[in-house]
Amino acid sequence: MTSIPLIGEAVAVAAEPRLAGAKIGVVTFPGTLDDRDAARAVRLAGGTAVSLWHADTELGDVDAVIIPGGFSYGDYLRAGAISRFAPLMSKIIDAANSDAKLPVLGICNGFQILTESHLLPGSMIKNDHLKFICRDQTLRVENANTAWTVDYTDGQEIIVPLKNQDGQYIADEKTLDALEAEGRVVFRYVGFNPNGSRRDIAGISNAAGNVVGLMPHPEHAVETGFGPESLDGAPRDTDGLGFFTSVLTKIVGGDK
């Protein structure tokens with residue numbers, strides 16, 4: 001019988017000690033909910049999670065940044081709109097656009113913040129059915145060459161939890177065509193579009209591939225015994241771990 005780890009027992013699955021030196025910053029805003037989950041995912045992947053506060057004025061020596069999900073600043077005005085002006089965001093924007101191309105991952109509210117910050121194009125609006133939705137969602141990996149997806153393969157299907165009410169990704173047709181042509185659609189909903197996102201888009205990247213945003217939550221599918229199952233009951237509870245091992249591999253200079 002397979003042993004299931006106790007809740008709270010974050011044991012890294014990566015057997016490479018060199019990954020532990022990679023520092024991944026996890027940003028907390030007022031109203032952030034999933035920062036601890038993201039930090040746990042980093043540790044399970046084998047890296048070191050570094051807590052960052054929205055009012056910080058320096059990023060420190062982190063090698064990548066995760067902007068996790070939640071309701072930053074209560075989602076007043078627009079989801080992610082106020083966070084865009086947090087002191088730390090200016091540092092993240094500069095680092096992501098610099099020659100160093102700091103890897104940045106925005107999950108759910110983090111994706112909303114990335115669009116508000118213009119690190120990613122388009123906007124997020126309320127789900128087309130105007131209701132909050134929470135479900136295990138199948139995604140197809142459309143681009144396995146970003147900093148956050150190199151441990152996946154093009155066309156691979158994964159299952160990760162999704163929970164949102166402002167999850168509908170929209171952009172004008174010119175922008176959508178450009179994203180498709182440039183291979184910047186990173187994830188697409190499969191089988192069911194849960195929020196009406198244009199062209200079933202679940203996640204996108206910037207042109208350089210170091211910035212990725214997506215609506216579903218890979219940090220909730222990183223540990224055996226605590227995650228989604230496929231329709232036939234097969235466990236898919238670690239399908240999201242590849243996000244975090246991917247960026248660690250990139251940081252330490254590993255090849256795909």
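1. The UniProt record, an unreviewed entry, gives the feature "active site" at Cys108, His217 and Glu219. These residues are spread over 112 residues of sequence, yet they cluster in space, with a largest C-alpha distance of 11.0 Å. UniProt positions follow the numbering used here, feature names are shortened, and annotations may be inferred rather than shown by experiment.

2. This is a predicted model, in which local features need pLDDT of at least 70 and side-chain atom pairs count only at pLDDT 80 or more, while totals for chains, interfaces and linings use all residues. Residues are numbered from 1 along each chain as its sequence is written, and side-chain values use heavy atoms, with hydrogens and water left out.

3. Histidine 217 sits in the loop between strand S11 (211-214) and helix H5 (241-251); helices (H or I, at least four residues) and strands (E, at least two) are DSSP runs, numbered from the N terminus. Histidine 217 counts as buried because its relative accessibility is 1%, where buried means under 20% relative accessible area, exposed over 50%, and partly exposed in between (1.4 Å probe, protein chains only). Not counting residues up to four places away in sequence, histidine 217 touches Asp34, Gly69, Ile107, Cys108, Val160, Pro161 and Lys163; contact means heavy atoms within 4.5 Å.

4. Glutamate 219 is in the loop between S11 and H5 and is buried, at 4% relative accessible area. Its side chain makes a polar contact with the side chain of histidine 217 (2.7 Å). A polar contact is a pair of N or O atoms within 3.5 Å; within protein, one must be able to donate a hydrogen and the other to accept it, and residues adjacent in sequence count only if both atoms are side-chain atoms. Leaving out residues up to four places away in sequence, the contacts of glutamate 219 include Asp34, Ala38 and Phe244.

5. Helix H1 (residues 35-45) has eight of its eleven residues buried, so it is largely enclosed by the rest of the structure. Among the buried residues are Asp35, Arg40 and Leu44. The buried residues of H1 pack against strand S1 (23-28), strand S2 (48-53), S3 and H5. Just after H1, glycine 46 has a positive phi of about 115 degrees.

6. Aspartate 75 lies in the loop between strand S3 (64-67) and helix H2 (87-97). The side chain of aspartate 75 makes a polar contact with the side chain of asparagine 109 (3.4 Å).
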